[in-house]
Every structure is written in C-alpha cells, then in structure tokens.
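This briefing goes through one protein model by topic. The fold comes before the residue-level detail.

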Amino acid sequence: MSSKRENVISWDEFFMRVAIAAQLRSKDPNTQVGACIADTNHRILSVGYNGTPSALNDDDFPWGTSDDPLEDKHNYVVHAEANAVLNYRGSLKDLGGATVYVTLFPCHDCAKIMAQVGIGEVVYLDNKYADTDDARISRRILDSCGIRYRQVSVGADAVEGGGAR
C-alpha cells in the first residue's frame, strides 16, 4: 500500500495562488491585484481583481494617473477586495470570520468594506505601501475591528504582476 503524498502546498499558498491567478484578469497596466475569500472550512467563497465596474466599457476609461480627476484611473477602478465581496452571491453574513487572501495589502476603503462584512483575517502577499498614511489608516481600521492580518510568501513561480495601484 502506498502512502499519501506529503509535500502538498498549504491552504495559505493554495488560496494565495488563486488570488494570483485572479490578478491576471486585471487590465491595469501598472498594478494587477487579486483577492480570494475563503471560509473557515477552506472553501472558496469568491474571487475578485482590480478593474472597472462591469457595466462600464473599460476601453472608454483611462488606465493612467493624472492630475485631472476625469482622466485618473483611480476614480474608475474597483479594487480586488471590494470586487470579491461584491461578487459573492450568498448572504453577506456568510463572510463573517472568513479570510481574504490578497496580493497587495488593502487600502483603507477596502479595509472598511471587509470590516463591514465581518472578515476575520487578511492574508497578503505584498505591502509596498506600508509607510503611507493610507496603509496606517488601514491597519488602524483592521486593528480596531479585531481583524487579524499577516504576510505570507509563495513560490516564486506563482507570482506575476504587481506595481502601483
């Protein structure tokens, strides 16, 4: 009788790889962010990536940054974490205690959304904006709501994309 395979990836790596796959759908030329929400039973509830709302034709909207708010992508893009919550088709109460795996530490707006739906933990891959006011506000929101957060790494072959939001 043969024994089971021992060198399987962890749940953290599995869900983060799903988030990495999701980020590959992003059309943002500078930053591709993906998110995967998993429940406490290790089941995927939803995924999302950063992009324009589905009702908008993303060919008609800017993908660069600009001092002109009408031409700045940040005013038209929905972040991966928000999209993952919005894409969930069950009752939002089912997100209570779930874990969000996200390729970039969440901004303060996404932290508020996760707090509102009761996310229990944020697992992130990159935190390149750690020293910004936005990241400090995000951490304050997460800390105040008792949402745990931690950074993980995955195999180098799994990571692609990135850049500034």
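Buried means under 20% relative accessible area, exposed means over 50%, and partly exposed lies in between, with a 1.4 Å probe and protein chains only. The model is predicted: local features need pLDDT of at least 70, side-chain atom pairs count only at pLDDT 80 or more, and totals for chains, interfaces and linings use all residues. Residues are numbered from 1 along each chain as its sequence is written, and side-chain values use heavy atoms, with hydrogens and water left out.

**Overall fold**

- The protein has 4 helices and 5 strands; these are DSSP runs numbered from the N terminus, with helices being H or I of at least four residues and strands being E of at least two.
- In sequence order the elements give the pattern α-β-β-α-β-α-β-α-β.
- The radius of gyration is 16 Å, which agrees with the value near 15 Å that a compact globule of 165 residues would have; the radius is taken over C-alpha atoms, and the globule rule is 2.2 Å times the number of residues to the power 0.38.
- The C-alpha trace spans about 65 × 35 × 35 Å along its principal axes.
- Of the 165 residues, 43% count as buried.
- Contact means heavy atoms within 4.5 Å; among contacts between residues at least 6 apart in sequence, 65% join residues at least 24 apart.

**Surface and charge**

- The protein has 17 positive and 23 negative charges, and their mean positions are 8 Å apart.
- Lys and Arg count as positive and Asp and Glu as negative, while His and the chain ends are not counted; each charge is placed at NZ of Lys, CZ of Arg, CG of Asp or CD of Glu.

**Aromatic pairs**

- Rings of Phe, Tyr and Trp (its six-membered ring) pair if their centres lie within 6.5 Å; planes under 30 degrees apart count as stacked, over 60 as edge-to-face and the rest as tilted.
- This rule gives 7 aromatic pairs.
- The F61 and Y76 pair is tilted because the ring planes are at 50 degrees, with the centres 4.9 Å apart.
- F61 and Y76 are 15 residues apart, and both lie in the loop between β2 (44-49) and α2 (80-87).
- F61 is partly exposed at 23% relative accessibility, whereas Y76 is buried at 18%.
- The F105 and Y149 pair is edge-to-face because the ring planes are at 75 degrees, with the centres 5.7 Å apart.
- This second pair links distant parts of the chain, 44 residues apart: F105 is in the loop between β3 (99-104) and α3 (108-117), and Y149 is in strand β5 (residues 148-151).
- F105 is buried at 6% relative accessible area, whereas Y149 is partly exposed at 26%.
- One aromatic cluster is formed by W11, F14, F15 and Y101.

**Helix α2**

- Helix α2 is mostly covered, with 6 of its 8 residues buried.
- The buried residues in α2 are A80, E81, A82, N83, A84 and V85.
- Their cover includes β1 (34-38), β2, β3 and α3.

**H42 and I44**

- H42 sits in the loop between β1 and β2 and is partly exposed at 37% relative accessibility.
- The phi of H42 is near 65 degrees, a positive value in a residue other than glycine.
- Most residues other than glycine have a negative phi.
- I44 belongs to strand β2 and is partly exposed, with a relative accessible area of 41%.
- Not counting residues up to four places away in sequence, I44 touches F14, F15, V18, C36, I37 and A38.

**S138 in helix α4**

- S138 is in helix α4 (residues 133-145) and counts as buried because its relative accessibility is 0%.
- Leaving aside neighbours within four places in sequence, S138 contacts F105, P106, C107, H108 and A111.
- S138 and D109 are 29 residues apart in sequence, and their C-alpha atoms are 7.8 Å apart in space.
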